[in-house]
Every structure is written in structure tokens, then in C-alpha cells.
Amino acid sequence: MFPLPNLTEILDSLLWAVVGAMAARHYMPERSTQDVGIAVLSKDAPEVRRRLQEANFRYAGELAIPGSSWVSPEGTSVDVLELSAPWAESALQEAQENRDPAGFPTLPLSYLVLMKFEAGRLQDLADIARMLGIASSNQVEAVREVFRRYRPEDLEDLESLLTLGRLEQMGPEGAAPPISG
């Protein structure tokens, strides 16, 4: 594990949340990552950039999607995604009550799945299947509700990813793991 910068102190009163592989580890077995991904509201991006510079983060360039890449004084890469989607503010507000073991606000599963689905990369789709495969029925229903609201045309694809995730979780005898919640 790499050293985590104190983003909570730096971003203090702003809405932000951990996303990407660091957020996914909150919902599935951890996979290797070399950076911290966070999301902020697009309107807050100039202030986030100012605060990171003030905290001696080094600007490393723009991302392919709206956002920027930074390197902490400890050498940790931090990607800052700038969200302007209709669901972004609600997702970041909910994240404030959803903390990971490091104490960082973490995007709720329903919005993390939505964000990864919209990114559409193969790794993101694999993460979705794994997260949904072990999610409780209440968590899965929350994901469905977010998709009904923001991506109703993609509900069938979501169900396919859920099925793939559940199949991946089946044991050697073909029995699905118990689903709680």
C-alpha cells in the first residue's frame, strides 16, 4: 500500500469522494492500484486545484476526461475527476456518510457502479460485475434505482453484469453465496 495523503484536511469543507479502485475496495476484494482517484464537483475544481497546490502537490497534467492528475509530497498519484453529471452532487453528499477504513468519503455503491458503467472501460465493467456479485439485495436494489432514474435504457445491461458477477461468485458445487441484507 502506498502512503495516503491527508485529503480530508486539504479538501475540508468541499464535497469530494474517493472513486475508482480505492472506492471499489470498499465493496469487493481489493485489487492493486497505484493511485488515488477522487471526484469533485466541476464548480469546485478551481478551489480543489488551488488547495492541492497550497498543500505542495505537484500538478502532473490533465486527464483524458475532465480532471487533473497530481502527485502528493509523499509521491502518491492523485487523479481528480471533475463531475458535472446530474447525479454528481447527490452522490458526493451521500459519500460524506460512507467512509472507507482510511476515513475518506467513498462514493456509494449505486453511484460508483453508475460512474464505472458510464466510463465503460473493460476494467470498470469487471469491477461492476464483481461488486454486484457480492452485493446484498438491498445494495443491488439501490443500484437499480439509480439506473432507473439516470440510465433506464441501460437496465438490461446492468442485469447482465449482475448475472455475470453472481456466476463468478458461485462455488465449485455451483451454489451461489448467500445474499444478505
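Let's start with Phe 104, which sits in the loop between α4 (88-95) and α5. (Helices are DSSP runs of H or I with at least four residues, strands are runs of E with at least two, and both are numbered from the N terminus.) This is a predicted model, so local features need pLDDT of at least 70, side-chain atom pairs count only at pLDDT 80 or more, and totals for chains, interfaces and linings use all residues. Residues are numbered from 1 along each chain as its sequence is written, and side-chain values use heavy atoms, with hydrogens and water left out.

Is Phe 104 buried or exposed? With a relative accessible area of 4%, Phe 104 is buried. Buried means under 20% relative accessible area, exposed means over 50%, and partly exposed is in between, using a 1.4 Å probe and protein chains only. Leaving aside residues up to four places away in sequence, Phe 104 touches Leu 4, Pro 5, Leu 7, Thr 8, Trp 16, Val 18, Asn 98 and Arg 99; a contact means heavy atoms within 4.5 Å. Phe 104 and Met 22 are 82 residues apart in sequence, yet 9.9 Å apart in space, C-alpha to C-alpha.

Now for a contrast. Asn 56 lies in the loop between α3 (45-54) and β3 (58-62), and it is exposed, with a relative accessible area of 59%. Asn 56 also has a positive phi of about 70 degrees, although it isn't a glycine.

Next, look at helix α7, residues 137-150. Val 140, Val 143, Val 146, Phe 147 and Tyr 150 are buried there. They cover an arc of only 120 degrees around the axis, which puts them on the same side of α7; the arc is that of the directions from the helix axis to the C-beta atoms. Why does such a pattern work? An α-helix has 3.6 residues a turn, so residues three or four places apart point the same way. On the other side of α7, Asn 138 and Arg 149 are exposed. The cover over the buried residues of α7 includes α5 (109-119), α6 (122-134) and α8 (155-169).

Helix α5 turns up again at the largest pocket, where it gives the most to the lining, with five residues. Other elements giving two or more residues include α2 (20-24), β2 (35-41) and β5 (77-83). By class, the lining has 15 nonpolar, four polar and eight charged residues. Here Ala, Val, Leu, Ile, Met, Phe, Trp, Tyr, Cys and Pro count as nonpolar, Asp, Glu, Lys and Arg as charged, and the others, Gly among them, as polar.

Note on methods. Expected span 1.5 Å × (residues − 1).
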